[in-house]
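Subject: Structure for your files

Hello,

Here is the structure you will be working with. My notes on it follow below.

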Amino acid sequence: MSKDAVINTLIIAATMVMVAVILVAGRDTGAEVPPELAVGQLAPDTFIADRSTDPIEDEDATQAARDDARANVPTVYSDDSDATFTVIRNVNSFFTDLREGAQDELPPEPATTTVPPDTTTPTTGPDDSTSTTEVTGTTAPSTTTTTVLPRLPFEEQIQLLELRHSTLLTPIPSFVALYNSDLDRVERGEEAVFPEVELQTLELLGDELGRGIKPGELTDRQAFYLSPLTRPPIFVIGLPDEEQTEARKAITQLVGFSLQANLRVDNDATTAAKNAAAEAVEPAYVTYRAGDTIVEVGEPISSVQFQALKDLQLYEPEVAPGTSPWAMALLGVIAVLLAAFFLWRIAPTELTEPRYMALFSILLILAALFSRLPELLAEQNHALGYVLPAVAIGFIAAILFDPRTAVLMAIPMAGFTAISTLDLAFTVYAAIATVIPVGFVSRVSSRRQLRVAVLLTAVTVAPVAAATEWLFVDMPSPGLAALWAFIGALVAGLVSLGLVSFFENAFGITTSLGLLDLLDRNHPALRLIEEQAPGTFNHSMLVGALAGRAARAIDADPLLAQAAAWYHDLGKTEAPQYFAENQFGVSNPHDSIAPVESAQIIRAHVGEGLRLAKRYRIPRDVADGIRMHHGTSLMRYFYHEARETDPDIDPALFRHFGVKPQAKEMAIVMLSDSVEAAARAYSQEQDPTADGLEGVVDTVVTEKVDDGQLNDSALTFGDLTTIKAELVLALMGYYHARVPYPGFPGPQVIERDTQPVLPEIPVAARSDADE
């Protein structure tokens, strides 16, 4: 087994694996099992009880009732004794600092601290009952004899208190004024009243703390004491009436600014109370009697309904048969093997090269991927499945391979679609849509024709999609099918043109698109020929016209023949002066060198041409025109010249080192090249006639056949007859007669009644053809 055969086998094996995976992946290929019923799932049918059920606990209703019970349990709070004592301590500290700050020096005996009577703090429980927590460590205020000492100025007293009690700035001036007024009364020998102010303050504070303050209530309780509109009425016994308002204001502000929340949330107790309330709720039960509707179709199934369906055994669906993944994979593998077998049987030998086989495998993989699209798109709308880009496979295969291979691709495309969709309409459409582009792209010779081919293909597949939809679908939408098929084919055709360019460069394959690029007169290699060897350029253009016409006549590739003809003499740009067509007005340099050396120079233009073809990235199929346009033919002119001095010289020294043409197009290029050179030499000797040109063509073709140069090509004698006729017609158009213009030099009009003589091609003409 050859190396190429081994590579091709591995490529096909890998393709079979990938196609099988693509066709099976992501599909539920097992038996179609109806969905299992579950809570929250939509009911597949309406279920009616055929008999009464036992009571079924309604877990949802029970849970909802228990949740309500939990929600209705109030939050449990516990006493924060630290907060209570902190508030009492801060207020006592305030009064102590007030008394000490009024005196210029410390008194001989410290003033007694006034505290409120014993207070208690309530604690709320789950039942909104209030328990009291005793606030200990406080006693009723008492009055001691105070020695009157010099007092600090009023403003300094305020400043000292503000430094020590920065959170009580508002009531400080009022308390300083009240206390100093009380000191004034003591100096006058009257009874001290300020202890009663302290007592009123601590009693009010103790009452508020005793009721308990929750964190969420603190702001409202403070606002109650701080607002002039809501603060409680206070009357200090013994205090003059004019000072009662100031005392009320000072006491309520001190209480308001001193308050702190002294009840905190008891999370553990609250949770326990909520749980106890929930546990006290009795379960809810539901009973269905015979004839009751358990659940309507499309409704979510509740836990009670699910249990009733389970108890009554109302849902026992049948299991539908499914599709075996192994069968799907096997059919995909068989489709790949059939396509590879048919390609091997019908395609030319070059199409079984590894690069072509790899490209063919990529097309098979793309076909498998494309076949999955209807399955994804047509679930809700069957007509949408006709966006299936089967035409892309036909376009790519027809351009990269040939029409027969493109038609062959309809088999795997249809097979893959059948496996993926199990839909007869999509299968028939895939097969037809793959073949349709072949007729439109097989004869294109310009990019405009390619775009027209895409449009015509899209127009053609639209009625095909409408017909298949109408024929095979129960509730057809032929209009939508035609629309989506047109859109899909149009997009697929344009995308396939881009893919063709990518594959062409990636695999080194010559396509009509690449040939059209090469036939652009602005191609760098053509401009090089035109600038360096203008005679060769004109010769190449005419050879291209001859080759394209001849190829078209025998159903060969005219674009390939013309492109190969345009570039066949690319190597002459390295030494253009050694070739006759570029020697206008100069001497022939071959006259001063030996024939063997001349043969080497002439022979070298083939190698130079291949080197330049590689530089300018000319495809191998076109570069074959450089390699094969001389084949191994003999350079007769230099051979005969050498025999004049050495009759026994080896003719192999004067043969080209090329390759005999191995394709019809390359053989046509060889014949066109030689015929154009010979006809040009003939026209220089005498006025050309139809019979004369026919004789030139026949002589050149016969010489190539006798020399064995066409043995490896696929040309038949019928092809050669057609080629000769086309070459003669083309040359007659090129060497047509013209009417002479008076006063201009040139040959006279050819006499029409002159009998033509079949020319003997001069040796010089033959040498020009060979070179």
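The largest nonpolar core has 74 residues, and those with the most contacts inside it are Phe 360, Tyr 386, Leu 400, Met 413, Phe 416, Tyr 429 and Val 461. A nonpolar core here is a set of buried Ala, Val, Leu, Ile, Met, Phe, Trp, Tyr and Cys residues joined through side-chain atoms within 4.5 Å. Buried means under 20% relative accessible area, exposed over 50%, and partly exposed in between, with a 1.4 Å probe and protein chains only. Helix 12 (residues 354-371) supplies the largest share of this core, 11 residues. Apart from it lies another core, of 58 residues, including Val 606, Ile 626, Leu 671 and Tyr 735. In soluble globular proteins, nonpolar side chains tend to be buried together.

Please note that this is a predicted model: local features need pLDDT of at least 70, side-chain atom pairs count only at pLDDT 80 or more, and totals for chains, interfaces and linings use all residues. Residues are numbered from 1 along each chain as its sequence is written, and side-chain values use heavy atoms, with hydrogens and water left out.

The chain as a whole

The secondary structure comes to 30 helices and 8 strands; helices (H or I, at least four residues) and strands (E, at least two) are DSSP runs, numbered from the N terminus. Of the 771 residues in the chain, 47% are buried. Among contacts with a separation of 6 or more, 77% are between residues 24 or more positions apart, where contact means heavy atoms within 4.5 Å.

Not counting residues up to four places away in sequence, Tyr 429 touches Tyr 386, Leu 388, Val 461, Val 464, Ala 465, Thr 468 and Ala 485. Ser 371 lies in helix 12 and counts as buried because its relative accessibility is 0%. The C-alpha atoms of Ser 371 and Thr 421 are separated by 7.7 Å, although the two are 50 residues apart along the chain.

Helix 6 and its partners

Helix 3 (residues 81-102) and helix 6 (residues 194-211) pack at an angle of about 165°, with their axes 11 Å apart. Axes are lines fitted to C-alpha atoms, for helices over the stretch in contact, and angles run from 0 to 180 degrees between N-to-C directions. The two helices are therefore roughly antiparallel; angles under 35 degrees count as roughly parallel, over 145 as roughly antiparallel, 65 to 115 as roughly perpendicular and the rest as oblique. Residues of helix 3, among them Val 87, Val 91 and Phe 95, meet residues of helix 6 that include Thr 201, Leu 202 and Leu 205.

The axes of helix 6 and helix 8 (residues 241-258) come within 10 Å and cross at roughly 40°, so this pair is oblique. Val 197, Gln 200, Thr 201, Leu 204 and Leu 205 in helix 6 meet Ile 251, Leu 254 and Val 255 in helix 8. Gln 200 is buried, with a relative accessible area of 18%. Not counting residues up to four places away in sequence, Gln 200 touches Ile 234, Phe 235, Val 236 and Ile 251.

Regards
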